[in-house]
Amino acid sequence: MPVSQENMRSALGEITQDSKIQEAKYAQIITTQEQRDEAAMPERLMIYPRQLVTFPNHPFYIRDDEDMSKLKESIMNSGIRTPVEVIRTEEKNERGEDTFYIVAGHRRTHVARQIFPEDHRLEVRIHNMSMDEAIVAMTESNLLTRENILPCERGNALRMEVEARERISNPNNEKYTKNVKTRDLLGETYNMTGRNVQRYIRLSYLIPELQTLIDDNKIGMVTGVELSYLTAKEQRDVWDEMELTAFEHYPNKAQAVAMRKLSKAGTLDMDAVVDIMEVDKPNQIEHVRYVPRKEDLLEQIPAYLKPEEWKDKDFTDFIGKAIAFYASSLQEQHAQEIADRMQEANRNRKPWERSI
């Protein structure tokens, strides 16, 4: 026969009267699992959009693009069917209303502010979690559901999540070796390798101007990773050189590698940046078109590659790729020679003449 709540309270009377801790234990005993689950559920409220605040250092852009137009059309037809996920900021706005950080729902909030009147309310779910737990929830919700994420958006988000997870697992901030497994864990979550996670994270170390060039596909991601190892001042020098030349030249991988080498040696100044950036890249050199005879090309193919199987193949694409590869290797070699020459010149200077 189940024990009634009255009998349970009587049996635990003296204990619960003397201790708040014991009272909490008593409450846990007499409530059902269903009641406890319901108490742990996020609180739901109807609030004004003005009470919603962008999550601190939110890594994702709010773009009025085609996807946003589709979302706007959907909300105009059906309303916002999914509550916005939030946490409390513990601050009030200019009207004295409670404010909330958006964990998931920035785009929905953006549309709501555009199409709904000021007195329209949105449903939110208020989560009881720490800021680091909220960072993990925010980055996961976006990385798993958003389409067309730009490289630096992804990199900034992954860095935030890695750092938040490491703070959660190391709350006392003790000295410890960087947890590479965290990157591998995120790689499994987002269908990437841990190494690719690290590459994206490196992009977050670029100055905002260079991040924009990465996201605009003006600079390749691999080049961006190399540039991320430069100091902020050195990156600013690279940006200034591009700006001074009206963005006629963008650095490529070979140039970025050369600059990284000089940066590591402490000799990358503005003059070095200019010298390296002025090296002509293969796609900036005027090409002379020459199509050799197929018979001559077949004679150059080694026997182990079975020349007879190449007789019916089109060599045009193959030749173009071979020349581009060779030109790229020469350009990389040239950039490396410049870096080596500058290092040698710096070593031969008097100590007070050397770059700092």
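**Figure 1. Glu-85 has its bridge partner, Arg-125, in strand 5.** Welcome to a predicted model, in which local features need pLDDT of at least 70 and side-chain atom pairs count only at pLDDT 80 or more, while totals for chains, interfaces and linings use all residues. Residues are numbered from 1 along each chain as its sequence is written, and side-chain values use heavy atoms, with hydrogens and water left out. Strands here are DSSP runs of E with at least two residues, and helices are DSSP runs of H or I with at least four, both numbered from the N terminus. Three bridges connect strand 3 with strand 5, and these two run parallel. Strand 5 is also joined to strand 1 by five bridges, this time running antiparallel. Turn to the two faces of strand 5: Leu-122, Val-124 and Ile-126 make up the covered face, while Glu-123 and Arg-125 make up the uncovered one. In a regular strand, side chains alternate between the two faces of the sheet.

Figure 2. The protein has 17 helices and five strands. The five strands form an open sheet in the order 1-5-3-4-2, with mixed pairing. Strand 1 (43-47) and strand 2 (52-53) are the edge strands, each pairing on one side only. Two strands count as paired if DSSP finds at least two bridges between them. Strand 3 and strand 4 run antiparallel and share five bridges. Within strand 4, Tyr-101 is the bridge partner of Ile-87. Helix 6 (residues 106-115) packs on the sheet, touching strand 2, strand 3, strand 4 and strand 5 (122-126), and its direction makes about 125° with that of strand 4. Helix 7 (residues 131-145) packs on the sheet too, touching strand 3 and strand 4, and its direction makes about 45° with that of strand 4. For these angles, axes are lines fitted to C-alpha atoms, for helices over the stretch in contact, and the values run from 0 to 180 degrees between N-to-C directions. Touching, or contact, means heavy atoms within 4.5 Å.

Figure 3. Look for Glu-97 in the loop between strand 3 (84-92) and strand 4 (98-104). Glu-97 counts as buried because its relative accessibility is 17%; the cut-offs are under 20% relative accessible area for buried, over 50% for exposed and partly exposed in between, with a 1.4 Å probe and protein chains only. The side chain of Glu-97 makes a polar contact with the side chain of Arg-50 at 2.9 Å, and another with the side chain of Asn-93 at 2.8 Å. A polar contact is a pair of N or O atoms within 3.5 Å; within protein, one must be able to donate a hydrogen and the other to accept it, and residues adjacent in sequence count only if both atoms are side-chain atoms. Not counting residues up to four places away in sequence, Glu-97 touches Tyr-48, Arg-50, Gln-51, Glu-91 and Lys-92.

**Figure 4. His-106 in helix 6.** With a relative accessibility of 7%, His-106 counts as buried. Thr-109, Val-111 and Ala-112 of helix 6 are buried as well. The buried residues of this helix pack against strand 2, helix 5 (66-78), strand 3, strand 4 and strand 5. The side chains of His-106 and His-58 are joined by a polar contact of 3.3 Å. Leaving aside neighbours within four places in sequence, His-106 is in contact with Thr-54, Phe-55, His-58, Ile-62 and Arg-146.

**Figure 5. Thr-139 in helix 7.** Thr-139 counts as buried because its relative accessibility is 0%. Its side chain makes a polar contact of 2.8 Å with the side chain of Glu-161. Leaving aside neighbours within four places in sequence, Thr-139 is in contact with Ala-157, Met-160, Glu-161 and Tyr-190.

**Figure 6. Arginines over tyrosine rings.** The charged end of Arg-159 sits over the ring of Tyr-205, 3.9 Å from its centre. Arg-202 lies over the face of Tyr-229, at 3.9 Å from the ring centre. A charge sits over a ring if NZ of Lys or CZ of Arg is within 6 Å of the ring centre and within 35 degrees of the ring normal.
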